[in-house]
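Take a moment to turn the model around on your screen before reading on. We will walk through it together, one region at a time.

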Amino acid sequence: MEAPTENWDPALTRLLTSLKEVQSGGEDMVFLSELLQSKQLNALVQVHNKIVAKGKDDKFYPLLSNAMQVTLEVLDLLGDIVSVSQEYQELLNLLQKPHFQAILCTHDAVAQKDYYPHLPDIPPEADEEEETVKIVQLVKSDEPLGGAQSAEPIVGATIKTDEDTGKIVIARVMHGGAADRSGLIHAGDEVIEVNGISVENKTPADVLAILQSSEGTITFKLVPSFGKGGSRESKVRVRALFNYDSSDDPYIPCKEAGLNFKKGDVLHIVSQDDAYWWQARREGDRVMRAGLIPSRALQEGRIIHERQTDPQTMDGKPALCSSSTTNSDCAPKTPCSPTPTATALLPCKSTPKVKKIMYDYRENDDYDREMIPTYEEVARLYPRPGLVRPIVLVGAPGVGRNELRRRLIATDPEKYVTPVPFTSRPLKPSEQNGKEYIFVSREKMEQDINDGKFIEHGEYKGNLYGTSAESVESIINSGRVCVISPHWQALKMLRTPRLRPYIIFIKPPPLEKLIETRTLANARSTFDKESSRAFTEEEFHDIIRSANRINFLYGYMFDEEIVNQDLAGALTQLLKASWRVQSEPLWVPASWVQ
Ligand SMILES: Nc1ncnc2c1ncn2[C@@H]1O[C@H](COP(=O)(O)OP(=O)(O)OP(=O)(O)O)[C@@H](O)[C@H]1O
């Protein structure tokens, strides 16, 4: 490939240089690289730069925006003159030429900035007495036909029998479907005929049969419902906090119109017109037609109902219709369905052994009983200079968070930094304040804890230890990547618009692999602070149980999960995640972006 020439636009050259640093991307990268080096693009950029530079001199502003009107007035005046000189005659001919007039019309359109599309006029009020009928032709799409009592699989709309009139009406128009794209079919329209066949006294199933047997173009005769026109697409994006499978949902108005999704999927909510059934597309899907999903209100109602009717608890907490956790003692035994009859989570055995761990402070997850996981509104956070998101590694005690944190920092200690913890214990002669710990008095530390200045804190052998939010912030402000591996109870304090953390759940591998890898590596148990020894079998079970519990309670906060089976593999994944956080736009709670 040719190297850019000397006169190449500097912005293009910069883009090209940074593109060369990107390792992945495959064909897309090659395409982008060729495009950035093409002479045509460079020429266009040069033209653009010149126009922008000239525009600054005010040379390109129109003197008038009604040149054509002035021309017509001049022609009018000239037409009244009986004897005209040769110059007048020439001007008359020139002004009458259609090409000249077209140029003037174009000039005026540009001067008036009249190049935006015009919206169609609002239709006049229909005469109540007079029945207006519209004929709409749609080409039958090649989407598979379903057996539902609706027209949805064919034209992107559902039909129903109107309870009051007994007539067949359009119940819902799916955003992005054929009916919606036509702009001619709206919810509430009454269907009179389909392909010339009257639908009077027919059921939605009969109408569907007519549609199924039709080939090519389908013609609808409809009585429009004025005032119920199509609504604009909303821009709301949400992250789903539960799994949804419409085939398990007996209440969905049309199963074929349902959109299935998994916990963590980002959904574009295109319509919230219906209180119970929203229309959505999965972000990144190429399918234009939206699908039906339960609204937030409906899903919340289902979860509350489920908790009340089946108060199976996990450590005393009401059951949640939540994430499906594989290899989990806490996972539902059947796929979690959002119906009131859904199988609730089985009780999870509480961790039997209470270990004295450094940052274990009062349990605060009562708060999470109130959390009803439905949807979280999200927006894209674009990477930009000065925005360095901290990387937070959470997981079960003993799973290897600290080991991974240490290894990540070792790859580039200038870039990755962990905050120095505070302690109230006295400074030892061999120690230096600010190196291993920042030493403060117990009173000061207690005051700061009460003021909410610590993201985590705990007591060990009568002394307080903790990490302050300010230490995390000062690393962020220094432009380095803050890496922390706090106790999972710190997540609530950390996940704020101020810190904008990228939270990675460090997951244990299946039990046999956990035992195998840790035994092989002669791993040291973190359950015993007093002596260095191997993990016991019970402790391995605890790690798995604890991981399931954390995932169950806080899974909705995780940006990513990494299974820590083989340390080298987990570190590679961690480095990739770190790269993504710094270079890619990522979905975050919408409040972080506003
Ligand atoms: N993938 C792995 N394979 C083998 N050994 C591992 C692996 N990950 C961690 N270990 C070892 O397991 C032990 C515990 O790891 P680590 O101290 O990082 O746990 P932790 O999650 O930080 O626990 P705690 O919060 O209780 O301190 C260490 O000896 C570590 O070297």
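This is a predicted model: local features need pLDDT of at least 70, side-chain atom pairs count only at pLDDT 80 or more; totals for chains, interfaces and linings use all residues.

Let's begin on the inside. In soluble globular proteins, nonpolar side chains tend to be buried together. Here the largest nonpolar core has 85 residues, and Val-191, Val-392, Val-394 and Ile-504 touch the most other members. Helix α16, residues 537-554, supplies the largest share of this core, with 7 residues. You can pick out Val-394 and look at its contacts beyond four places in sequence: among them are Trp-488, Leu-491, Phe-505 and Ile-550.

Now move to helix α17, which covers residues 567-583. Which residues of α17 are buried? They are Ala-570, Leu-574, Ser-578 and Val-581. An α-helix has 3.6 residues a turn, so residues three or four places apart point the same way. On the other side of α17 you will find Ala-568, Gly-569, Thr-572 and Ser-583, which are exposed. The buried residues of α17 pack against several elements, including β14, α11 and β21.

Helix α11 also leads us to the ligand, giving the most residues to the shell around it, namely 3. In total, 18 residues surround the ligand, and Pro-397, Gly-400, Asn-402, Glu-403 and Thr-526 are the closest. By class, this shell holds 6 nonpolar, 8 polar and 4 charged residues.

Methods:
Residues are numbered from 1 along each chain as its sequence is written. A nonpolar core is a set of buried Ala, Val, Leu, Ile, Met, Phe, Trp, Tyr and Cys residues joined through C-beta atoms within 7 Å. A residue is buried if 20 or more other C-beta atoms lie within 10 Å of its own, exposed if 12 or fewer, and partly exposed in between; C-beta atoms are placed from the backbone. Helices (H or I, at least four residues) and strands (E, at least two) are DSSP runs, numbered from the N terminus. Two residues are in contact if their C-beta atoms, placed from the backbone, lie within 7 Å. The expected span of a helix is 1.5 Å times one less than its number of residues. A residue is near a molecule or strand if its C-beta atom, placed from the backbone, lies within 6 Å of it. Ala, Val, Leu, Ile, Met, Phe, Trp, Tyr, Cys and Pro count as nonpolar, Asp, Glu, Lys and Arg as charged, and the others, Gly among them, as polar.
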